[in-house]
Amino acid sequence: MKLFYLLILLLSTATVYAQDDLAAIQKQWAICEYQVPAKQQSDCLEKLSVNADRISSQDHTRVDILIWSAIVKSSWAGSKGGLGALGLVKDAKQKLELALRLNPEALSGSAYTSLGALYYQVPGWPIRFGDDKRAEQLLKQALAINPDGIDANFFYGDFLLEQKRKDEARRYLNKALKAPVRPGRELADRGRRQEIEQRLLKLQ
């Protein structure tokens with residue numbers, strides 16, 4: 001029995017450390033994305049990406065960390081810009097596709113959201129893999145899993161805005177604005193709401 005309880009304790013401790021890793025990556029991403037000055041943002045995200053990749057490589061069963069290593073890399077690519085970002089985007093895409101094969105519902109379908117965002121934000125063929133039809137499919141799959149989520153509604157609303165489907169965009173952006181605050185993600189939620197409000201101003 002002592003051995004059994006010891007195993008339970010070890011598993012519980014490992015779970016806490018795993019949760020701490022995820023929370024730390026999410027918190028640092030929000031700092032890089034919303035608080036670090038623009039000139040320093042790329043360096044901040046690069047350091048975080050290296051760390052997230054390292055943590056992800058240590059445990060291939062952690063789909064949540066895999067997704068977040070892709071999210072950080074995508075953000076780094078957006079901050080970096082230019083041809084140098086294309087390799088980062090490709091790597092992020094591969095990570096998200098792997099996450100969907102392993103567990104499509106992990107983190108409330110976040111891999112669908114992030115991959116859908118990549119498909120409408122990156123250039124199309126022959127430069128890269130951008131595809132608006134595929135983007136909409138993925139974003140709708142994210143909403144099917146997490147219909148009230150701030151990110152799922154924001155990115156679909158942003159996609160619709162880019163497609164000039166203004167009435168639909170307004171509906172999803174307003175829904176994103178009303179999404180409940182996520183415990184531990186307050187900084188990220190404040191930053192996301194500012195982005196939502198900026199998009200809504202474009203619709204006035």
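**Helix packing and core**

Reader: How do H5 and H7 pack, at what angle and how far apart are their axes?

Author: Helix H5 (residues 110–121) and helix H7 (residues 150–162) pack at about 15°, with axes 10 Å apart. That makes H5 roughly parallel to H7 (angles under 35 degrees count as such). This is a predicted model, where local features need pLDDT of at least 70, side-chain atom pairs count only at pLDDT 80 or more, and totals for chains, interfaces and linings use all residues. Residues are numbered from 1 along each chain as its sequence is written, and side-chain values use heavy atoms, leaving out hydrogens and water.

Reader: Which residues of H5 and H7 make the contact?

Author: H5 gives Thr 113, Ala 117, Tyr 120 and Gln 121. H7 gives Asp 151, Ala 152, Phe 155, Asp 158, Phe 159 and Glu 162. Contact means heavy atoms within 4.5 Å.

Reader: What about by class?

Author: Five are nonpolar, two polar and three charged.

Reader: New topic. How many residues has the largest nonpolar core?

Author: 59, and those with the most contacts inside it are Ile 25, Trp 29, Ile 67 and Leu 118. Such a core is a set of buried Ala, Val, Leu, Ile, Met, Phe, Trp, Tyr and Cys residues joined through side-chain atoms within 4.5 Å; buried is under 20% relative accessible area, with a 1.4 Å probe and protein chains only.

Reader: Which helix gives the largest share?

Author: Helix H3 (residues 63–80), with ten residues.

Reader: And where is Tyr 172?

Author: In helix H8 (residues 166–177). Leaving out residues up to four places away in sequence, Tyr 172 touches Leu 143, Asn 153, Tyr 156, Gly 157 and Leu 160.

Terms used:
Axes are lines fitted to C-alpha atoms, for helices over the stretch in contact, and angles run from 0 to 180 degrees between N-to-C directions. Helices (H or I, at least four residues) and strands (E, at least two) are DSSP runs, numbered from the N terminus. Angles under 35 degrees count as roughly parallel, over 145 as roughly antiparallel, 65 to 115 as roughly perpendicular and the rest as oblique. Ala, Val, Leu, Ile, Met, Phe, Trp, Tyr, Cys and Pro count as nonpolar, Asp, Glu, Lys and Arg as charged, and the others, Gly among them, as polar. Buried means under 20% relative accessible area, exposed over 50%, partly exposed in between (1.4 Å probe, protein chains only).
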